[in-house]
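Please open the model in your viewer and keep the selection tool at hand.

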Amino acid sequence: MALPGPQDGQPLLSVENLQTHFRTPDGVNRAVDGVSFHVNAGETLAIVGESGCGKSVTAMSILRLIPEPPGKIAGAIRLNGKNLLECSDREMRQIRGNDISMIFQEPMTSLNPVLTVGRQIGETLRLHQGMSAKQAEDRAVEMLNLVGIPEAKRRVREYPHQLSGGMRQRVMIAIALACNPKLLIADEPTTALDVTIQAQILELMRDLKHRVGAAIVLITHDLGVVAEVAERVVVMYAGKKVEEAAIGPLFRSPRHPYTQGLLGSMPKLGSSLTGHETRLAEIPGLVPSLKAKIPGCVFASRCPHATDLCRAVAPALEEKAPGHVAACHYAPREGAMAA
Amino acid sequence: MFAYVVRRVLATIPVMAVVALFVFSLLYIAPGDPAAVIAGDQATPADVERIRASLGLDRPYLVRFGAWVWDILRGDLGTSIFTNLPVSTMIAQRIEPTLSLMIVTLLLAVSVAVPMGVVAAWKQGTLVDRAVMAFAVLGFSVPVFVVGYLLAYFFALEWDLLPVQGYTPFSRGFWPWLENLILPAIALGTVYIALIARITRATMLEVLQQDYIRTAKAKGVGQRAILFLHALKNAAVPIVTVIGIGIALLIGGAVVTESVFAIPGLGRLTVDAILRRDYPVIQGVVLLFSFVYVLVNLAIDLLYTLFDPRIRY
């Protein structure tokens with residue numbers, strides 16, 4: 001794949017005004033509605049939000065895994081400057097699993113049950129690196145070792161049903177990293193796993209990221225996971241980006257009421273034991289239907305601070321502090337930060 | 001695995017016993033007296049009685065059944081009432097055309113129907129899909145003999161591309177053998193193709209929704225490999241099952257097909273035997289068909305392990 005190399009100051013991936021809409025019998029579903037963000041080489045960007053906010057669709061759109069029709073992807077998705085939306089199917093196939101790879105939420109069902117683990121890892125190598133079956137299997141053993149699966153030589157000939165959920169997710173990671181991708185998209189990689197396994201998988205991803213040098217787009221609803229691994233965060237709500245900031249500022253001084261709500265609804269470990277027990281905050285209501293055009297702020301119906309202005313005029317994304325943008329009429333700018 | 005095969009083969013014994021009892025009883029109950037048929041129109045009741053006694057037909061039901069089973073266990077299927085030839089010899093003479101027809105039909109049907117179903121599922125809702133489904137419905141509803149006569153009329157009589165009827169043994173060469181089987185195989189295979197194509201399409205539609213197909217796409221796997229490796233292997237178990245069940249269709253259809261195309265096979269032998277109440281032949285052929293069907297099903301069960309590693313015996 002003759003992709004242009006990275007140029008100075010140019011992000012690895014830049015998503016510009018991404019719109020992924022689905023035509024349904026009762027109207028157009030605007031799953032992703034004008035989202036822009038970028039990922040620098042080697043960086044970990046988290047995309048967070050509730051179920052149905054469009055974060056998974058965003059991830060699928062980057063690799064163009066959205067079935068078209070009924071889906072339709074508009075905007076631009078540039079990998080080292082090359083717009084993926086203008087690529088042919090053939091070019092896309094050469095990018096998938098090679099330059100950009102993806103791991104999914106459900107390790108139990110994301111592996112093909114009738115093909116050996118080795119074959120599934122080797123397949124990308126044979127496709128993208130022209131390896132022979134033998135070379136691919138040897139490399140698959142190496143990959144299994146790398147992702148911490150013991151007895152890799154034996155495991156490589158096993159089928160997914162012979163592995164536990166955590167092991168299967170390790171295999172998924174092995175598949176994703178086999179071709180040393182520039183970008184790894186991880187869609188809720190730990191959600192379906194036990195807490196202890198979650199920590200192992202996150203540790204593994206962080207470790208491998210340094211070794212392979214891949215950038216990561218981490219899709220999750222779990223702010224604990226975000227705090228653990230991400231460097232920068234995009235908060236999505238109802239198909240739109242509502243806030244973006246580096247990890248520190250976002251957790252310390254969230255600007256958007258939705259982000260504040262998300263952080264407030266995060267349980268603090270041991271808070272009931274230390275005597276500082278606080279009631280877990282919830283965000284009332286549900287994500288609005290993405291089929292209706294919302295004239296004002298998408299979060300207005302659930303926002304405790306919403307005014308008539310919010311319901312009438314959609315707030316633009318504004319830089320509230322250097323590198324910290326939020327879409328809220330009332331979010332304080334730097335210096336005017338209220339507690 | 002080996003123990004399983006042995007168990008399954010042993011399990012065919014009671015199945016065959018039930019089939020034997022059923023076949024025997026059916027002919028016992030059925031109207032029509034072979035002795036009267038042999039004796040002819042001019043015979044006196046005494047003649048008929050004498051013939052009946054010589055055939056052992058005057059003995060009680062259980063005695064006759066016992067004697068028959070005992071003979072079978074010793075490898076003797078009995079002797080035809082009409083030709084006085086051993087039934088096993090008659091079957092041996094007729095088995096090649098029928099076996100050839102079934103094998104050619106099976107290969108033709110599978111190699112046409114599976115890709116048809118796969119493409120229909122891939123192109124779901126398009127013209128291709130609808131054409132396949134229309135063919136499936138049509139193939140199911142048009143009888144074998146109609147298809148057979150139409151094919152014979154156009155391909156053999158009108159366009160003179162293939163022989164009208166008959167059979168050439170394999171020993172006289174591959175092409176002469178195949179040439180005679182093409183039209184019968186298409187006629188016999190139409191229903192079978194419809195059946196397999198439908199189940200392939202339905203199973204593939206389900207499999208293509210699975211997460212691992214999405215994974216394969218995300219890996220950059222091409223469309224053909226996704227369809228024929230990742231998806232079809234997962235869809236194989238129901239498809240193979242239907243192919244196995246369909247063997248019964250082939251056995252039934254072979255009788256008609258052989259009549260239409262004048263193929264001297266087991267089907268013709270069966271029809272003739274029924275018309276003449278030649279019950280040792282009927283019993284022998286039905287028993288053979290049942291045995292083949294039971295074995296085919298065993299083979300199918302063993303094939304499952306080839307496609308799905310989660311199935312172990």
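Select strand β4 (residues 71–79) of chain A together with β5(A): 2 bridges join the two strands, which run antiparallel, and one pair to pick out is Arg78(A) with its bridge partner Asn83(A) in β5(A). Strands here are DSSP runs of E of at least two residues, and helices are runs of H or I of at least four, numbered from the N terminus; two strands pair if DSSP finds at least two bridges between them. Widening the selection shows an open, antiparallel sheet of 4 strands in the order β2-β1-β4-β5 (chain A), in which β2 (27–39) and β5 (82–83) of chain A are the edge strands, each pairing on one side only.

This is a predicted model, in which local features need pLDDT of at least 70 and side-chain atom pairs count only at pLDDT 80 or more, while totals for chains, interfaces and linings use all residues. Residues are numbered from 1 along each chain as its sequence is written, chains are lettered from A and ligands numbered from 1 in the order in which they are written, and side-chain values use heavy atoms, with hydrogens and water left out.

On a 1 Å grid over the protein atoms alone, a cavity is a set of points where a 1.4 Å probe fits but cannot get out, a pocket is an open set with protein on both sides within 12 Å along at least five of seven lines, and lining residues have an atom within 4 Å of a point. The largest cavity contains about 50 Å³ of space, and its lining includes Met172(A), Ile175(A), Thr215(B) and Lys219(B); α6(A) provides the largest share, 3 residues. For the second largest cavity, of about 40 Å³, select residues including Ile173(A), Leu184(A), Met205(A) and Lys209(A), and note that α7(A) gives the most to the lining, with 3 residues.

Which residues lie closest to the centre of the largest pocket? The largest pocket holds about 1,000 Å³ of space, and of the 27 residues that line it, the closest to its centre are Leu65(A), Pro67(A), Glu68(A), Lys217(B) and Gln223(B). α9(B) contributes the most to this lining, with 4 residues.

Finally, select Trp159(B), which sits in the loop between α7 (144–158) and α8 (174–207) of chain B.

Notes:
Grid points are joined across faces, edges and corners, and a volume is the space filled by probe spheres set on the points.
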